[in-house]
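Hi,

Here is the structure I promised to pass on.

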Amino acid sequence: ARFVESGDGMALKIDRQGFGKCAAQKAMLFGTGPFSVELWLKLDAFNSGTVIGKKFGQTDLDPGWALSYDGQKYELVLALADGEQMSQVRAPLRDSGWHHVVAVRDGERVTLYIDGQVAVDRSGPTYALDISSDRQFFHLGKLFHKYSAEAMLDDAVVYDGAVTAEHVASQ
């Protein structure tokens with residue numbers, strides 16, 4: 001991963017092999033609690049790959065969370081897993097402009113916002129999975145064996161709690 005000029009500032013560019021990784025394994029362990037991920041995203045290509053996440057393991061079922069892009073279906077995907085099962089929410093994203101993306105998990109409810117609008121809102125017990133593991137790594141881009149999305153990221157923030165719709169609209 002590297003920084004590139006973007007408009008009036010810099011953005012983090014991830015490509016098929018590039019990534020950033022933080023080994024702060026004890027940070028951002030949300031368990032079954034609320035959390036939010038907020039960032040600006042600009043796809044450079046419509047290839048499938050990870051954008052951001054905190055996960056450990058080689059399979060989709062391994063504990064953690066990840067926000068990724070599915071280039072075959074042109075969808076942004078938030079995946080949650082606890083080691084035994086996985087839940088996903090998907091929202092269409094079909095252009096390469098800058099988008100304000102917010103993913104929120106609050107109890108059994110998961111909401112994906114794109115550009116201040118609710119793109120998908122789902123609820124059910126499978127969204128309240130315990131996504132913590134003491135061996136997780138925080139990633140920008142590639143998660144282990146998977147590819148990174150080809151994209152630029154800016155102003156990425158992970159919150160220990162659920163941001164409100166009012167917060168999303170104010171950005």
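This is a predicted model: local features need pLDDT of at least 70, side-chain atom pairs count only at pLDDT 80 or more; totals for chains, interfaces and linings use all residues.

Residues are numbered from 1 along each chain as its sequence is written, and side-chain values use heavy atoms, with hydrogens and water left out.

Searching the whole structure gives 3 salt bridges (a side-chain nitrogen of Lys or Arg within 4 Å of a carboxyl oxygen of Asp or Glu). Asp70, Glu75 and Arg90 are linked in a network of them. Arg90 meets Asp70 with the closest N and O atoms 2.9 Å apart, and Glu75 at 2.8 Å, N to O. Arg90 is in strand β8 and Glu75 in strand β7, so their pair ties together parts 15 residues apart in sequence. (Strands are DSSP runs of E, at least two residues, numbered from the N terminus.)

As for burial (buried is under 20% relative accessible area, exposed over 50%, partly exposed in between, with a 1.4 Å probe and protein chains only), Asp70 is buried at 12% and Glu75 is buried at 17%, while Arg90 is partly exposed at 28%.

β7 and β8 run antiparallel, joined by 7 bridges; strands count as paired if DSSP finds at least two bridges between them. Their hairpin has 4 residues between the strands, and Gly83 in the turn has a positive phi of about 105°.

The other salt bridge I'd point you to joins Arg109 and Asp121, at 2.5 Å between the closest N and O atoms.

Cheers
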